[in-house]
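Dear colleague,

I am passing this structure on to you, as you will be working with it from here. Please look through it first, and then read the notes below it.

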Amino acid sequence: MGKEKIVYGQCALCRQNKELQLSHIVPRFVGRKMIKTALGNIRVTNEPNKVAQDIEKHYMLCHDCEELFSAKERWFASNIFNPWQDHKQREFSYDENLTYFIVSLSWRSLYLDLEEYSCDATFDKEILLTMLRAENIMRDYLLGKRQDVSDIQNHMFFFDRIESASNYDFEKNPSVAMHRSITSYSAYNGKTSFTISNLLGIMIVTFYSMEEQEEWTNTQILNGRGTIVAENQGIKSVVGQEIQHWMNEAENAKTNLSDNQKNKILEKMKKVGNGIRDYAIFQDFIDDEILKRNNEKK
Ligand SMILES: [Zn+2]
């Protein structure tokens, strides 16, 4: 471990010049969970032979703003993420902490993406304005300057025991791809713009604009109290293309693994032996087999 660098600069949230912390875009507990349940080391999918030691980090927030976010991350970890991952809990009561957590996650991601998109001449100008406006609303909300998030919509979808997904390629192990991946980025498709995050099977989408044909059933998180159930959720959305993309990446990562990497994973599997059942990925492979068989029956 090297000495931690001290970086001063403008905090992205409060805009004060302060010492900046090395912030995780996706909260640290998600990465820790992945390391705990992973068979091999974590791999970055676009460079399958490189091992990612940690999840993406940026100098972005001051200590005070980082603390503001940590409290809500803890709430999400203990009230939704861990109960779902560890105990298969499916019904969750929530309060305003959940909206705050989702907005903080999507905002971090959007803020960094906008640095890049603002310089991209090919990026849709109307979408760019919509995203810039959303970034402002979200920042004011996160700082407590406003209580609402205007027409921004938050949705949460649990990739849990997918029983039918007729448009997807079952050879690509959808459960494995969803349950083993961590990502967060902003994108648009037509007039629909959003930030999408996958926290090991919990997909969180914040919409900045939405076309009429988008259909999201039992996924919306209201700003305030409510209940979200990891059942009977449905999506008809351009976001489906992102999911397909993740599956393709996971598949490519598998085919591009070097023999050396494959051998390492096999060795590790041999060592684990029967203990392999304790690893989440084992259940994922079973789920995908069932899904494939059900689909063949149709
Ligand atoms: Zn700050």
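Predicted model: local features only at pLDDT ≥ 70, side-chain atom pairs only at ≥ 80, totals over all residues.

Residues are numbered from 1 along each chain as its sequence is written, and side-chain values use heavy atoms, with hydrogens and water left out.

The protein chain holds 8 helices and 14 strands (DSSP runs numbered from the N terminus, helices being H or I of at least four residues and strands E of at least two). Of its 298 residues, 49% count as buried, a term that stands for under 20% relative accessible area, with exposed meaning over 50% and partly exposed in between, for a 1.4 Å probe and protein chains only.

The zinc ion has as its protein donors the SG atoms of Cys11, Cys14, Cys62 and Cys65, at 2.3 to 2.4 Å; donors are N, O and S atoms within 2.8 Å of the metal (3.2 Å for Na, K and Ca), and since water is not among the atoms, sites may look incomplete. Along the chain these donors follow the spacing C-x2-C-x47-C-x2-C, and both Cys62 and Cys65 are buried.

Three strands form an open, antiparallel sheet in the order E1-E2-E5, where two strands pair if DSSP finds at least two bridges between them. Strand E1 (7–10) and strand E5 (57–62) stand at the edges with a single partner strand each, so one side of each has no neighbour in the sheet. Strand E2 (residues 17–24) pairs with E5 in the antiparallel sense over 5 bridges, and Leu20 stands opposite Cys62 in E5, Cys62 being also one of the zinc donors.

Is Phe157 buried or exposed? Phe157 is buried, with a relative accessible area of 15%. Leaving aside neighbours within four places in sequence, Phe157 is in contact with Gly201, Ile202, Met203, Thr219, Gln233, Gly234 and Ile235, contact meaning heavy atoms within 4.5 Å. The C-alpha atoms of Phe157 and Val229 are separated by 9.2 Å, and these two residues are 72 residues apart along the chain.
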